[in-house]
Amino acid sequence: MRKKVIAGNWKMNMLPNEAISFIEKLAHMVEKTENEVILCVPYTDLFYSLLTAQNTNIKIGAQNMHWEEKGAYTGEISGKMLKSLGVEYVIIGHSERRQYFLETDEIVNKKTKAALKNELKPIVCVGETLEQRETGIQEQVITTQTKLALEGLDKEQLQNVIVAYEPVWAIGTGKTATSEDANEAIKSIRNQIEKDFGRDVSESIIILYGGSVKPENSKELFSMSDIDGGLVGGASLKVDDFEKIILA
Ligand code: PEP
């Protein structure tokens with residue numbers, strides 16, 4: 001049985017004092033859950049979030065990293081730096097990174113490999129645009145993105161990878177994929193992983209749905225056979241909503 005995982009993505013929101021009080025509140029609310037609870041916070045909140053989340057069941061992640069360990073990359077943060085703080089997870093290839101910062105499948109693959117090399121667990125995002133869905137090529141898009149993101153990894157490494165299916169048209173728009181469509185898309189990702197790494201890996205890998213997950217739709221989405229939880233943007237900024245999603 002795969003574990004349920006709920007990961008929040010705060011994006012470019014929350015100052016350190018806000019992060020601290022959010023995590024203090026959430027820690028009490030979710031102290032009994034068996035679900036994996038992750039908060040992916042801005043770099044500037046990492047240190048305070050890690051301290052506040054100590055001895056709670058909230059895990060802390062970053063939202064991006066560079067693939068090199070160090071060097072002349074002004075403004076960048078490496079996996080080694082994240083690991084040195086005690087960070088456990090890192091989002092890789094979020095559609096906002098692909099869209100605004102021109103991250104290609106090749107870059108996503110390099111970052112995924114670098115995350116694993118530094119003992120970070122990557123949450124690798126894939127998802128089609130509205131145009132791609134309307135032309136009926138969504139399955140081809142997401143299976144190709146999955147294949148390329150995970151290329152060159154071995155089975156053992158896959159145990160520490162989470163995939164997030166996030167249709168771009170559903171992110172921050174209030175539009176959610178129907179639970180059936182999301183489940184179908186995630187099944188196609190699982191099939192691709194089975195082709196590339198075998199059935200044992202495809203059946204054990206955690207695959208999340210992301211795109212306007214909220215308290216009202218989380219229960220139905222998370223009850224689908226292939227959806228192992230959610231990557232949550234907007235609703236992870238409100239502690240009461242995020243609690244409801246985690247407990248859904
Ligand atoms: C996200 O940022 O990964 C996301 C899914 O955002 P939202 O929940 O706001 O759609």
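An oxygen atom of the ligand lies 2.8 Å from a polar backbone atom of Gly233. The model is a predicted one. At Gly234, a backbone N or O atom is likewise 2.8 Å from an oxygen atom of the ligand. Asn9 contributes through its side chain, with a polar atom 3.2 Å from a ligand oxygen atom. The ligand taken alone exposes 290 Å², and the protein buries 96% of that.

The surrounding shell has 14 residues, and Lys11, Glu166, Gly172, Ser212 and Gly233 are the closest. By class, the shell consists of eight polar, four nonpolar and two charged residues.

The next element is strand 4, which spans residues 89–92. Strand 4 pairs with strand 3 (residues 58–62) in the parallel sense, over two bridges. Val90 of strand 4 is the bridge partner of Ala62. In a regular strand, side chains alternate between the two faces of the sheet. In strand 4, Tyr89 and Ile91 lie on one side and Val90 and Ile92 on the other. These four residues are all buried, so both faces of the strand are covered.

The last stop is helix 9 (residues 179–197), which contains Arg190. Is Arg190 buried or exposed? Its relative accessibility is 7%, and because the cut-off for buried is under 20%, Arg190 counts as buried. Beyond its neighbours within four places in sequence, Arg190 is in contact with Arg2, Ser202, Glu203, Ile205, Ile207, Asp226 and Asp228.

Technical notes
Residues are numbered from 1 along each chain as its sequence is written. This is a predicted model: local features need pLDDT of at least 70, side-chain atom pairs count only at pLDDT 80 or more; totals for chains, interfaces and linings use all residues. Side-chain values use heavy atoms; hydrogens and water are left out. A residue is near a molecule or strand if one of its heavy atoms lies within 4 Å of it. A polar contact is a pair of N or O atoms within 3.5 Å; within protein, one must be able to donate a hydrogen and the other to accept it, and residues adjacent in sequence count only if both atoms are side-chain atoms. Accessible areas come from the Shrake-Rupley method with a 1.4 Å probe; for residues, only the protein chains shown count as cover. Ala, Val, Leu, Ile, Met, Phe, Trp, Tyr, Cys and Pro count as nonpolar, Asp, Glu, Lys and Arg as charged, and the others, Gly among them, as polar. Buried means under 20% relative accessible area, exposed over 50%, partly exposed in between (1.4 Å probe, protein chains only). Contact means heavy atoms within 4.5 Å. Two strands pair if DSSP finds at least two bridges between them.
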